[in-house]
Amino acid sequence: MPAHRKPRQRSTGGHTARTAATIALAGVAGATAFDGIGHAEPNATPAQVKAKVDKLYQEAEAATEKYNGAQEKATAAERRLETLRDEAARKEARLNTAREALGTMAAAQYRSGGLGEATQLALSDDPDQYLDNAAFAERAGVRQSAAVTRVRKQLREVEQLRGAARVELTSLAKRKAELKRHKKTITDKLDAARALLNRLTAQERAQVVAGTGGGTDTRASRASTGARSSLPAPGSATATAPNSRAAAAVSYAYAKLGSPYVWGATGPNAFDCSGLVQAAYRSAGVSLPRTTYAQIDTGRRVSRSELQPGDLVFFYSGITHVGIYVGGGKMIHAPNPSAPVRVAPIDEMPYAGASRVV
């Protein structure tokens with residue numbers, strides 16, 4: 001009778017494990033693909049993409065202003081450190097000179113030492129000359145004591161300067177770490193916005209980019225008579241500015257229409273929002289702080305009904321965006337990486353306040 005072999009059962013464990021691993025890997029891949037871009041839905045509408053992109057740009061700009069502030073503090077720390085090092089070097093040079101003088105005095109004292117003053121007087125061939133020399137030696141001793149005091153003081157000053165330099169060096173290292181952190185935040189947000197836009201068709205992307213940041217694209221304005229007529233005329237804006245410096249800042253802003261947005265840039269060929277404002281007023285001989293949250297505290301606050309060309313207009317609750325008012329309810333600003341310096345209505349973003357700096 002033939003032996004009946006029990007049929008070999010196929011294990012379902014391996015297949016199940018492989019299936020689970022595949023699903024898990026797919027989940028990880030999916031999470032990685034959407035990580036950093038707000039976990040946007042694959043079939044998001046252009047309007048939903050625009051809302052997410054606008055939010056990412058606004059968050060990137062907030063990080064940019066923090067970066068600008070940290071950069072300003074780092075630059076100031078570098079200047080202070082350089083000043084301290086220069087001063088320490090000068091004091092060390094004077095200290096070395098004083099030490100050499102003390103060394104010369106000590107050597108002379110050693111060469112003439114060995115006999116007490118009474119013995120030297122008794123053995124002297126010319127007691128009167130010796131007494132004159134003794135009086136000189138006493139005066140020299142007083143000078144030597146004063147020299148020692150000066151050296152000690154100079155040594156303390158040098159050590160204090162070195163200590164202050166160490167503090168500034170620590171501060172500088174902290175600022176650089178802060179810069180690195182803000183830079184990563186900015187680049188992550190901008191990369192996320194770019195990834196979202198790349199999901200759209202070319203036509204959808206053009207529509208979203210045209211609407212993102214709002215306003216009138218200057219390149220389109222220059223190609224269309226109708227669009228040109230909607231722009232406030234530079235002459236009328238400068239003519240109604242409260243003074244010549246505000247007019248000069250407005251004129252500079254008009255001259256930079258179409259310049260690209262680059263975070264951290266202050267011109268002359270690219271700008272971020274606060275960089276454009278700073279450069280415009282710098283051209284008019286007015287020094288402004290680097291960041292939006294410092295710029296709003298410069299000059300005096302003005303109400304929306306009081307706005308005149310040259311006033312700075314600020315947006316969002318965190319004061320993270322700024323433009324230069326040019327009249328007619330419009331401003332010139334550097335919106336975001338998707339749009340160049342342009343004229344835009346001040347109603348396109350949440351209005352936060354205004355300041356007249358001159």
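Colleague: What makes you say that the charged end of arginine 304 sits over the ring of tyrosine 351?

Modeller: The charged end of arginine 304 is 4.7 Å from the centre of the tyrosine 351 ring. For a charge to sit over a ring, NZ of Lys or CZ of Arg has to be within 6 Å of the ring centre and within 35 degrees of the ring normal. So 4.7 Å meets the distance limit, and the pair counts as a charge over a ring. Bear in mind that this is a predicted model: local features need pLDDT of at least 70, side-chain atom pairs count only at pLDDT 80 or more, and totals for chains, interfaces and linings use all residues. Residues are numbered from 1 along each chain as its sequence is written, and side-chain values use heavy atoms, with hydrogens and water left out.

Colleague: Where is arginine 304 found?

Modeller: Arginine 304 is in the loop between strand E1 (300–302) and E2. Helices (H or I, at least four residues) and strands (E, at least two) are DSSP runs, numbered from the N terminus. Leaving out neighbours within four places in sequence, arginine 304 is in contact (heavy atoms within 4.5 Å) with Ile346, Asp347 and Tyr351.

Colleague: Why is arginine 304 called partly exposed?

Modeller: Its relative accessibility is 39%. Buried means under 20% relative accessible area and exposed means over 50%, with partly exposed in between (1.4 Å probe, protein chains only). Arginine 304, at 39%, therefore counts as partly exposed. Tyrosine 351 gets the label too, at 25%.

Colleague: Why is the pair of tyrosine 67 and tryptophan 263 called edge-to-face?

Modeller: Rings of Phe, Tyr and Trp (its six-membered ring) pair if their centres lie within 6.5 Å; planes under 30 degrees apart are stacked, over 60 edge-to-face, and the rest tilted. Here the centres are 4.9 Å apart and the planes stand at 90°, so the pair is edge-to-face. The structure holds three aromatic pairs.

Colleague: Which parts of the chain does the pair of tyrosine 67 and tryptophan 263 link?

Modeller: Distant ones: tyrosine 67 is in helix H2 (residues 46–112), while tryptophan 263 is in the loop between helix H9 (244–255) and helix H10 (273–283), 196 residues apart. Tyrosine 67 has a relative accessible area of 16%, so it is buried. Tryptophan 263, at 21%, counts as partly exposed.

Colleague: What makes phenylalanine 315 and tyrosine 351 an aromatic pair?

Modeller: They are 6.0 Å centre to centre, with 80° between the planes, and the pair is edge-to-face. Phenylalanine 315 belongs to strand E2 (residues 312–315) and tyrosine 351 to strand E6 (residues 351–356), 36 residues apart. Phenylalanine 315 has a relative accessible area of 0%, so it is buried.

Colleague: In what order do the six strands form the open sheet?

Modeller: The order is E1-E6-E2-E3-E4-E5, with antiparallel pairing. Two strands pair if DSSP finds at least two bridges between them. E2 and strand E3 (residues 321–327) are joined by four bridges, so they qualify. One of the bridge partners in E3 is valine 322, facing phenylalanine 314.

Colleague: How do the helices H9 and H10 run relative to E3?

Modeller: H9 lies across E3 and strand E4 (330–333), at about 105° to E3. H10 lies across E2, E3 and E4, at about 50° to E3. Axes are lines fitted to C-alpha atoms, for helices over the stretch in contact, and angles run from 0 to 180 degrees between N-to-C directions.

Colleague: How many residues does the largest nonpolar core have?

Modeller: It has 32, and Tyr254, Leu288 and Ile324 are among those with the most contacts inside it. A nonpolar core is a set of buried Ala, Val, Leu, Ile, Met, Phe, Trp, Tyr and Cys residues joined through side-chain atoms within 4.5 Å. The elements giving two or more residues to this core are H9, H10, E2 and E3, and H9 gives the most, with seven. Apart from that core lies another, of 26 residues, including Val53 and Tyr67.

Colleague: Why is isoleucine 319 called buried?

Modeller: Its relative accessible area is 15%, so isoleucine 319 falls on the buried side of the cut-off. Its phi is near 50°, a positive value in a residue other than glycine.
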